[in-house]
Amino acid sequence: MWRDAPDRLSRVERDELVYWESDGGIGRSTDARDLLFSRILRRPLLINRAGASHGWVNTYTHHEYDIVFEWCCGMSAEALAEVLRASGIESTVGAIDFRPALGREPHAERIDMADASIVLRCLNAPWCREEDSEGNARILQSNLRRYQ
């Protein structure tokens, strides 16, 4: 998508932007979502700690109010959540309403701000349990090929 239209919005981006600018009709706080997403994007060194074992952290979304960070092994999701919380990612700002429009239970592997979420997932994948450096290098190269 970014290769097709590097200097303008693509058709897909233009269509999706309508949803991103909307509150979904239920009074969601887009300001809180935008603040949370901005804050996570300004913490790459913390996210990179999770992917240090094999050089990658996969990212995706379920919808316009979450970002999922997923990695194969190493640092637990709970440990990364603790580090992110200690960095002040959940600090409130007086002008933004942080009350959620939707009810949900807190979760140790999720950071919520209003209705927005950062979801953290360590897969503890059995295929990446190689102990030697040659095995780790092979896994790293395999992971990098997936994103080239």
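**Entry 1: the cysteines.** I began with Cys72, which counts as buried at 2% relative accessibility, and I kept in mind that I was reading a predicted model. How far is the sulfur of Cys72 from the closest cysteine sulfur? I found that closest sulfur in Cys73, at 3.8 Å, which is too far for a bond, because a disulfide needs two cysteine sulfur atoms within 2.5 Å. Cys73 is itself buried, with a relative accessible area of 9%. I then looked up the total for the structure and noted 0 disulfides.

**Entry 2: salt bridges.** I turned next to charged side chains, since side chains of opposite charge can pair when their charged atoms come close. How many salt bridges does the structure hold? The count comes to 3, and I went through each pair in turn.

- Asp34 pairs with Arg33, and I noted 2.9 Å between the closest N and O atoms. Arg33 is buried, with a relative accessible area of 2%, whereas Asp34 is partly exposed at 38%.
- Glu90 forms a salt bridge with Arg85, where the closest N and O atoms are 3.4 Å apart. Here I found Glu90 partly exposed, with a relative accessible area of 33%, and Arg85 partly exposed as well, at 30%.
- Arg110 forms a salt bridge with Asp112, with 2.8 Å between the closest N and O atoms. Arg110 is buried at a relative accessible area of 17%, while Asp112 is partly exposed at 24%.

**Entry 3: the nonpolar cores.** Which residues have the most contacts inside the largest nonpolar core? I looked this up and found Leu84, Ile118 and Leu120, in a core of 28 residues. The elements that give two or more residues to this core are the helices α2 (30-41), α3 (44-50) and α4 (77-86), together with the strands β2 (66-71), β3 (110-113) and β4 (116-122).

I then followed Leu120 in particular and set aside its neighbours within four places in sequence. What remains in contact with Leu120 is Phe69, Trp71, Ala77, Leu80, Ala81, Leu84 and Glu109. Leu84 is on that list, and I had already noted Leu84 among the residues with the most contacts inside the largest core.

**Entry 4: helix α2.** I checked the span of α2 and found that its 12 residues reach 16 Å from the first C-alpha to the last, close to the 16 Å expected at 1.5 Å a residue. Which residues of α2 are buried? My list holds Thr30, Ala32, Arg33, Leu35, Leu36, Phe37, Arg39 and Ile40, and Arg33 is the residue that I had found in a salt bridge with Asp34. I also asked what covers the buried residues of α2, and the cover includes α1 (11-20), α3, β2, α4, β3 and β4.

**Entry 5: a backbone angle.** Last, I looked at Ala114, whose phi is near 55°, a positive value in a residue other than glycine. Where is Ala114 found? I located Ala114 in the loop between β3 and β4.

Key. Residues are numbered from 1 along each chain as its sequence is written. This is a predicted model: local features need pLDDT of at least 70, side-chain atom pairs count only at pLDDT 80 or more; totals for chains, interfaces and linings use all residues. Side-chain values use heavy atoms; hydrogens and water are left out. Buried means under 20% relative accessible area, exposed over 50%, partly exposed in between (1.4 Å probe, protein chains only). A salt bridge is a side-chain nitrogen of Lys or Arg within 4 Å of a carboxyl oxygen of Asp or Glu. A nonpolar core is a set of buried Ala, Val, Leu, Ile, Met, Phe, Trp, Tyr and Cys residues joined through side-chain atoms within 4.5 Å. Helices (H or I, at least four residues) and strands (E, at least two) are DSSP runs, numbered from the N terminus. Contact means heavy atoms within 4.5 Å. The expected span of a helix is 1.5 Å times one less than its number of residues.
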